[in-house]
Amino acid sequence: MGTWNTRGLRGSTLEELINRSNERYRSSGLALIQKIPTPITPISIDKQSRHITLAYFEQKSTVDYIGAVQGIPVCFDAKECGADTFPLQNIHPHQVAFMKEFEEQGGIAFIILSYTLKNEIYYLPFDRIWDFWQRMEQGGRKSFTYEEIDKSWKIRSYRDIFVHYLEQIQKDLDRRH
């Protein structure tokens, strides 16, 4: 079990940009995507400020976001990477299992990955994540590199949509049909 005040806030910059993008998508009628809160159990609370100072995650969460884009179910996780190598341990087995089942039910699952040092954000379709995961399970690398990312999946900003991932969902749909 991880503690809330150490690992729980990683990725909050990317998540804030995604949350703002999702709000624009919602207000434009393009998509309805919700951030899934992670349930926590408070252990220590500062009595004066009434802030939680220590907590534990109650259960394994599935993914960060879930919703629908023009009638298509989507789920995704937001990850940040401060190096050229992304450790697969940052994606949990229950998340991979959930995304796999989600896709089997006709939905689209993916990861939005921000390379913070390069200031680049990518859409990783689930099948690519699955390839990396399978490689690891078969005794191969426990990570993937920036060089292994298909740069055509780069997510760009569009007007006031900071992380405009709908273009990449369309690309993902086009290649499936």
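Helices here are DSSP runs of H or I with at least four residues, numbered from the N terminus. I kept that in mind while going through this model, which is predicted.

**Entry 1. Overall count**

I counted elements in the protein chain and got four helices and eleven strands. I then looked up burial, and buried residues make up 38% of the 177 residues in the chain. For the contacts I took pairs with a separation of 6 or more, and residues 24 or more positions apart account for 65% of those.

**Entry 2. Helix 2**

I started with helix 2, residues 93–104. Helix 2 has twelve residues, and its first and last C-alpha are 17 Å apart.

Which residues of helix 2 are buried? I found Q95, V96, M99 and F102. Looking down the axis of helix 2, I noted that these buried residues fall within an arc of 125°, so they line one face of the helix. The background to this is that an α-helix has 3.6 residues a turn, so residues three or four places apart point the same way. On the other side of helix 2 I found P93, E101 and E104, which are exposed.

I next asked what the buried residues of helix 2 pack against. The partners are strand 4 (65–69), strand 5 (72–81), strand 7 and helix 3. After helix 2 comes G106, with a positive phi near 95°.

**Entry 3. Helix 3**

I repeated the look-up for helix 3, residues 126–137. Helix 3 also has twelve residues. From first to last C-alpha, helix 3 reaches 16 Å, close to the 16 Å expected at 1.5 Å a residue.

The buried residues I listed in helix 3 are F126, I129, F132, W133 and M136. Seen down the axis of helix 3, they fall within an arc of 125°, so they line one face of the helix. I checked their packing and found helix 2, strand 7 (108–115), strand 8 (120–125) and strand 9 (143–145) as partners. Helix 3 is followed by G139, where phi is positive, near 95°.

**Entry 4. T145**

I moved on to strand 9, where T145 lies. Is T145 buried or exposed? T145 has 14% relative accessibility, so T145 counts as buried, the cut-off being under 20%. Leaving out residues up to four places away in sequence, I found that T145 touches D84, T85 and Y115.

**Entry 5. W153**

I looked up W153 and placed it in the loop between strand 9 and strand 10 (154–158). W153 counts as buried because its relative accessibility is 7%.

Which residues does W153 touch, not counting those up to four places away in sequence? My list is I121, Y122, Y123, P125, Q168, K171, D172 and R175. For D172 I also took the C-alpha to C-alpha distance to W153, which is 9.3 Å. W153 and D172 are 19 residues apart in sequence.

**Entry 6. Second largest pocket**

I then turned to the second largest pocket, with a volume of about 240 Å³. Its lining has 16 residues. Those nearest the centre of the pocket are L17, S114, N119, E120 and I121. The elements that give two or more residues to the lining are helix 1 (12–27), strand 7, strand 8, strand 10 and strand 11 (161–164). Which element gives the most to this lining? Strand 10 does, with four residues. I sorted the lining by residue class and got seven nonpolar, five polar and four charged.

**Entry 7. Positive phi outside glycine**

I finished with two loop residues. Q70 is not a glycine, yet has a positive phi of about 50°. I found Q70 in the loop between strand 4 and strand 5. Q70 has a relative accessible area of 59%, so Q70 is exposed, the cut-off being over 50%.

R159 is not a glycine either, and its phi is positive at about 50°. I placed R159 in the loop between strand 10 and strand 11. R159 is exposed, as its relative accessible area is 72%.

Terms used:
Residues are numbered from 1 along each chain as its sequence is written. This is a predicted model: local features need pLDDT of at least 70, side-chain atom pairs count only at pLDDT 80 or more; totals for chains, interfaces and linings use all residues. Side-chain values use heavy atoms; hydrogens and water are left out. The expected span of a helix is 1.5 Å times one less than its number of residues. Buried means under 20% relative accessible area, exposed over 50%, partly exposed in between (1.4 Å probe, protein chains only). The arc is that of the directions from the helix axis to the C-beta atoms. Contact means heavy atoms within 4.5 Å. On a 1 Å grid over the protein atoms alone, a cavity is a set of points where a 1.4 Å probe fits but cannot get out, and a pocket is an open set with protein on both sides within 12 Å along at least five of seven lines; lining residues have an atom within 4 Å of a point. Grid points are joined across faces, edges and corners, and a volume is the space filled by probe spheres set on the points. Ala, Val, Leu, Ile, Met, Phe, Trp, Tyr, Cys and Pro count as nonpolar, Asp, Glu, Lys and Arg as charged, and the others, Gly among them, as polar.
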